[in-house]
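Please report on the ligand surroundings, the strand pairing and the helices of the structure below.

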Amino acid sequence: MEDYELEILISEADIERRVGELAQQISRDYADEDELVLVGVLKGAFVFLADLSRKLSIPRVIEFIAVSSYEEGSTASNSVRLVMDMRENIEGKQVLIVEDIVDTGRTLHFLVELLSTRNPKSVKTCALVRKPDRTEIDATLDYLGFEIPDVWVVGYGLDYDEQNRTLPHIAAMKPKG
Ligand code: PRP
């Protein structure tokens with residue numbers, strides 16, 4: 001997209017408020033548990049994970065995982081592959097996968113299936129935004145910040161060609177003119 005302008009879709013204040021609400025909800029839900037393993041999906045989730053994790057009031061550890069999507073393949077899970085695994089052994093642990101965005105749902109579906117094979121106590125999912133119009137696979141989302149329309153968004157971890165990840169808000173990219 002060469003000639004475009006950015007239009008704020010979700011302001012910095014709205015993100016901060018919603019991330020606080022999600023952190024409260026998660027803290028309540030896991031209040032009686034030993035520890036929560038937060039698994040951020042690189043790269044996009046790094047900002048959301050940083051803010052969310054610092055607002056939690058429960059014991060937590062931070063892990064990261066990276067996946068890559070590709071076009072080939074006829075089923076949901078064989079179009080996503082793992083490119084970097086986490087360090088932690090999650091057997092018997094409570095796991096929360098943290099995503100910046102759910103688009104088709106393929107990545108989240110793949111990750112839930114993958115991590116579930118490692119015998120965790122539980123695997124839940126959290127995303128800041130989801131595009132319901134793009135859903136191909138209904139991966140269960142336990143915690144969601146916002147639903148957004150099917151427009152390309154940048155900021156708060158999200159990029160277009162690696163640009164605009166560090167904007168404090170989420171903006172829609174609109175072609176000029
Ligand atoms: C984005 C996002 C999710 C995935 C969601 O990652 O962070 O991981 O796409 O899409 P899906 O629901 O269609 O699977 P992206 O591939 O842009 O990589 P990045 O996070 O490194 O920017």
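This is a predicted model: local features need pLDDT of at least 70, side-chain atom pairs count only at pLDDT 80 or more; totals for chains, interfaces and linings use all residues.

Residues are numbered from 1 along each chain as its sequence is written, and side-chain values use heavy atoms, with hydrogens and water left out.

**Ligand**

Around the ligand there are 14 residues, of which Glu-99, Asp-100, Thr-104, Gly-105 and Thr-107 come nearest; a residue counts as near if one of its heavy atoms lies within 4 Å. The table lists polar contacts (pairs of N or O atoms within 3.5 Å).

| Residue | Protein atom | Ligand atom | Distance |
|---|---|---|---|
| Asp-103 | backbone N or O | oxygen | 2.8 Å |
| Thr-104 | polar side-chain atom | oxygen | 2.5 Å |
| Thr-107 | side-chain N or O | oxygen | 2.5 Å |

On its own the ligand has 500 Å² of accessible area, and the protein covers 74% of this; accessible areas come from the Shrake-Rupley method with a 1.4 Å probe.

**Sheet**

Strands (E, at least two residues) and helices (H or I, at least four residues) are DSSP runs, numbered from the N terminus. Two strands pair if DSSP finds at least two bridges between them. An open sheet is formed by 3 strands in the order 1-9-8, with antiparallel pairing. Strand 1 and strand 8 are at the edges, and each has a single partner strand, so one side of each lacks a neighbour in the sheet.

Strand 1 (residues 4-10) is joined to strand 9 (residues 170-175) by 6 bridges, and Ile-8 has Ala-171 in strand 9 as its bridge partner. Strand 8 (residues 153-154) is joined to strand 9 by 2 bridges; here Val-153 stands opposite Ala-172 of strand 9.

**Helices**

Which residues of helix 2 are buried? In this helix (residues 46-55), Val-47, Phe-48, Leu-49, Leu-52 and Ser-53 are buried, buried meaning under 20% relative accessible area, exposed over 50% and partly exposed in between (1.4 Å probe, protein chains only). The cover over the buried residues of helix 2 includes helix 1, strand 2 (36-42), strand 3 (60-69), strand 5 (94-102) and strand 6 (122-130), with contact taken as heavy atoms within 4.5 Å.

Glu-21 lies in helix 1 (residues 12-29). Glu-21 counts as partly exposed because its relative accessibility is 33%. Between Glu-21 and Gly-145 the C-alpha to C-alpha distance is 8.8 Å, although the two are 124 residues apart in sequence.

How values were computed. A polar contact is a pair of N or O atoms within 3.5 Å; within protein, one must be able to donate a hydrogen and the other to accept it, and residues adjacent in sequence count only if both atoms are side-chain atoms.
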